Amino acid sequence: MNNNYELYKVFYLAAKTGSLTQAAKALYLTQPSVSHAIKQLEDSFGITLFYRTSKGVELTQEGAILYSYIEKSQTLISLAEEQMAALKNLDSGELRIGGSDSLFKHYILPYLENFHMQYPGIRLHLNHGTTPEIIALLKEGKIDLGVVRMPIVDSQLDVRESFQLQDCFVAGAHYSELKDAVLSLDMLLQYPIILFSRNSRARMAITELFQSYGHNLKPEIEVGSVDLLIELARKGLGISYVTREFVSKELEEGALFEIQLDVPIPPSHVGSMVMRNMPLSGPARRFIELIH
């Protein structure tokens with residue numbers, strides 16, 4: 001048995017109002033059309049659902065049982081329609097973003113603040129990790145989009161560049177004699193180097209750059225956060241490789257200075273990535289519009 005949903009809708013309104021006339025008005029139908037729809041439903045079940053009274057119609061015992069189920073379904077449908085409208089208007093829903101700690105802190109945070117002010121009903125879920133970890137989360141469906149360093153070469157992903165960052169080596173007062181010097185890579189390697197310990201895109205890029213010049217970059221110290229890279233350089237424990245934009249305050253205040261090299265460090269590109277050919281949620285689509 002596969003009755004048309006519209007038949008149940010007619011039945012529901014006739015039972016709720018107790019009037020075929022009122023049901024017809026609510027549905028913008030004629031009364032004979034409502035009567036015909038109810039007759040179709042009764043014929044499909046082989047039972048009588050209503051009996052007529054002087055005031056309209058009332059449910060039979062069998063009709064009351066059917067109504068108890070249809071009422072629940074209509075309530076759920078109404079709630080679903082309300083929820084869909086809320087999602088369309090970004091009044092509710094969730095936004096799941098993946099990125100590194102440093103990108104969240106120094107780049108994504110201002111956009112998140114703006115997004116939250118515009119759409120306070122959207123729940124935010126932030127997942128941090130390296131680029132390979134964020135790609136894995138995206139493919140597992142655990143996040144809606146990732147903000148990562150490029151290049152990303154993956155046929156399953158759509159990647160759009162957002163902006164560029166410039167990485168550099170920085171040191172504190174302990175190495176003040178290097179402030180006005182231009183160092184070769186050979187000379188730089190005479191000092192303790194501090195690198196991010198995890199398999200980040202920035203770590204991979206600088207390692208490949210040194211290899212292209214015939215050098216093996218082995219850090220003296222490895223740390224698990226950008227904040228530690230900055231702090232250890234400030235304390236004089238070595239020369240840290242960081243993103244210039246992330247230490248702009250320390251550079252301006254003189255707590256750190258940039259090491260000048262005789263070879264250029266190419267800028268890194270940051271972009272957003274989503275699964276190819278997968279529909280984006282409203283919140284994810286709006287956030288991507290904000291950052292591009």
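Predicted model: local features only at pLDDT ≥ 70, side-chain atom pairs only at ≥ 80, totals over all residues.
Close-up 1. Two packed helices are described by the angle between their axes and the distance between the axes. Here H2, which spans residues 20-27, and H3, which spans residues 31-45, pack at about 105° with their axes 8 Å apart, and H2 is therefore roughly perpendicular to H3.

Close-up 2. The loop between H2 and H3 contains Tyr28, whose phi is positive, near 55°, although the residue is not a glycine. Most residues other than glycine have a negative phi. Tyr28 counts as exposed, because its relative accessibility is 76% and the cut-off for exposed is over 50%. Ser44, a residue of helix H3, is partly exposed, with a relative accessible area of 26%. A polar atom of the Ser44 side chain lies 2.7 Å from the backbone oxygen of Leu41.

**Close-up 3. Helix H1 crosses helix H4.** The axes of H1 (residues 5-17) and H4 (residues 61-88) come within 10 Å and cross at roughly 110°, which means that H1 is roughly perpendicular to H4. On the H1 side the contact is made by Tyr5, Tyr8, Lys9, Phe11, Tyr12, Ala15 and Lys16, while on the H4 side it is made by Gly63, Leu66, Tyr67, Ile70, Glu71, Gln74 and Ile77. These contact residues divide into 9 nonpolar, 2 polar and 3 charged.

**Close-up 4. The largest nonpolar core, and a second one.** The largest nonpolar core has 23 residues, and within it Leu95, Ile97, Leu103, Ile108, Leu145, Val147 and Phe287 touch the most other members. At least two residues of this core come from each of strand S3 (94-99), helix H5 (101-118), strand S5 (145-149), strand S6 (157-165), strand S14 (268-275) and helix H11 (282-291), and H5 gives the most, with 6 residues. A second, separate core of 22 residues includes Phe11, Ala23, Ala37 and Leu49.

Close-up 5. Setting aside residues up to four places away in sequence, Ile97 touches Phe104, Leu112, His125, Leu126, Asn127, Ile143, Leu145, Val147 and Phe287. Phe287 belongs to helix H11 and counts as buried, because its relative accessibility is 0% and buried means under 20%. With the residues up to four places away in sequence again left out, Phe287 touches Leu95, Ile97, Ile108, Tyr111, Leu112, Phe115 and Leu145.

Close-up 6. Ser102 is found in H5 and is buried, with a relative accessible area of 12%. The side chain of Ser102 is joined to that of Ser100 by a polar contact of 3.2 Å, and, apart from neighbours within four places in sequence, Ser102 is in contact with Tyr107, Val226 and Phe246. Val226 is also one of the buried residues of helix H9 (residues 226-234), together with Leu229, Ile230, Leu232 and Ala233. The buried residues of H9 pack against H5, strands S7 (167-171), S9 (193-196), S10 (221-223) and S11 (239-243), and helix H10 (248-253). After H9 comes Gly236, with a positive phi near 85°.

**Close-up 7. Glu258 and its partners.** Glu258 is found in strand S12, which covers residues 257-258. A polar contact of 2.9 Å joins the side chain of Glu258 to that of Arg244. Not counting residues up to four places away in sequence, Glu258 touches Cys168, Phe169, Val170, Arg244 and Leu251.

**Close-up 8. Backbone details in two loops.** Most peptide bonds are trans. The bond from Met150 to Pro151, however, is cis, with omega near 10°, and Pro151 sits in the loop between S5 and S6. In the loop between S14 and H11 lies Asn277, a residue other than glycine with a positive phi, near 60°. Asn277 is exposed, with a relative accessible area of 73%.

Conventions:
Residues numbered from 1 in each chain as written. Heavy atoms only, no water. Axes fitted to C-alpha atoms, helices over the stretch in contact; angles between N-to-C directions. Helix = DSSP H or I, 4+ residues; strand = E, 2+ residues; numbered from the N terminus. Parallel < 35°, antiparallel > 145°, perpendicular 65-115°, else oblique. Contact = heavy atoms within 4.5 Å. Nonpolar A, V, L, I, M, F, W, Y, C, P; charged D, E, K, R; others polar. Core = buried A, V, L, I, M, F, W, Y, C linked by side-chain atoms within 4.5 Å. Buried < 20%, exposed > 50% of the residue type's maximum accessible area, 1.4 Å probe, protein only. Polar contact = N/O pair within 3.5 Å; in protein donor to acceptor, adjacent residues only side chain to side chain.
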